Amino acid sequence: MKKLLLVFGLIFSHVVFAQTAKEIIDKNIELSGGLTNWKLLNSVLLQGKVILGIKDEYPIKIYQQRPNLTKTLITVGGKETAIEGYDGTKGYAMNYAANKLQEYPEYVPESFDNDFIDWENKGFEARYLGKEKVGEIYCHKVELTKNVNKNMYYFDAKTYMLIKEVKKDETLVYSDFKKVGNLTMPFRIESSSAKKDGDYVMLLNRIDINKVFPANIFKF
């Protein structure tokens, strides 16, 4: 009987955790603008500055458009230069050793939406892993898994905003949330990795949504 109760207890706890993970994700989507508004989001233009290392600071613009088009430009010495992007067919990135932009056949574009937007239809499994502090903030910790793809998400336990995302090769921390139209977005993004060679802090001063970009904006 004890073994049977233990089995039922494990099954029940798994169901509760699965439901809780879904509830947390749903709450984030609801409080940050709602699923309909996120799905109506077709393009984003981020503008601000990026800080590399201790004091290297550059103006930055990032164009993004469904389903996975992207282009990042920074201004160095008064000249705007593309450093990375995907045009729908090919991916590009700056080769700093050769000081030129080049095509990367292995470039894998990221989806326009976060994985947890419509996660069930994308084939992900969600697990609630309890609470954990990120800095001074208590967060709900949720794991999304699909095949070998496993990401960890930390949602503020009070506001349900996503404040930390742990991917395979990168950790992103989000803060300074503001309303942009009907959506709530972070205006400060901090990226770090084990290698530390690509760490940055991005401070945004403007986000435009659903702008119609020129037809050639994603060409390189």
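**Rings, charges and a pocket**

Modeller: In this predicted model, the charged end of Lys-178 sits over the ring of Phe-187, 4.8 Å from its centre.

Biologist: What makes Lys-164 count as lying over the face of Tyr-154?

Modeller: Lys-164 is 5.1 Å from the ring centre of Tyr-154. The distance cut-off is 6 Å, and the charge must also lie within 35 degrees of the ring normal. Lys-164 is therefore listed as over the face.

Biologist: How many aromatic pairs are there?

Modeller: The count comes to seven. One of the pairs is Phe-116 with Phe-155.

Biologist: Why is the pair of Phe-116 and Phe-155 called edge-to-face?

Modeller: The ring centres are 5.5 Å apart, and pairing needs centres within 6.5 Å. The planes make 80°. Over 60 counts as edge-to-face, so the name follows.

Biologist: Where in the chain do the two partners lie?

Modeller: Phe-116 is in the loop between β6 and β7, while Phe-155 is in strand β9. They are 39 residues apart, so the pair links distant parts of the chain.

Biologist: Why is Phe-116 called buried?

Modeller: Its relative accessibility is 3%. Buried means under 20%, so Phe-116 qualifies.

Biologist: Which residues form an aromatic cluster?

Modeller: Tyr-63, Phe-213 and Phe-218 form one.

Biologist: What makes up the lining of the second largest pocket?

Modeller: Six residues are nonpolar, two polar and one charged. Lys-79 is in the lining, and Lys counts as charged. β4 gives the largest share, three residues. The space is about 170 Å³.

Technical notes. Residues are numbered from 1 along each chain as its sequence is written. This is a predicted model: local features need pLDDT of at least 70, side-chain atom pairs count only at pLDDT 80 or more; totals for chains, interfaces and linings use all residues. Side-chain values use heavy atoms; hydrogens and water are left out. On a 1 Å grid over the protein atoms alone, a cavity is a set of points where a 1.4 Å probe fits but cannot get out, and a pocket is an open set with protein on both sides within 12 Å along at least five of seven lines; lining residues have an atom within 4 Å of a point. Grid points are joined across faces, edges and corners, and a volume is the space filled by probe spheres set on the points. Helices (H or I, at least four residues) and strands (E, at least two) are DSSP runs, numbered from the N terminus. Rings of Phe, Tyr and Trp (its six-membered ring) pair if their centres lie within 6.5 Å; planes under 30 degrees apart count as stacked, over 60 as edge-to-face and the rest as tilted. Buried means under 20% relative accessible area, exposed over 50%, partly exposed in between (1.4 Å probe, protein chains only).
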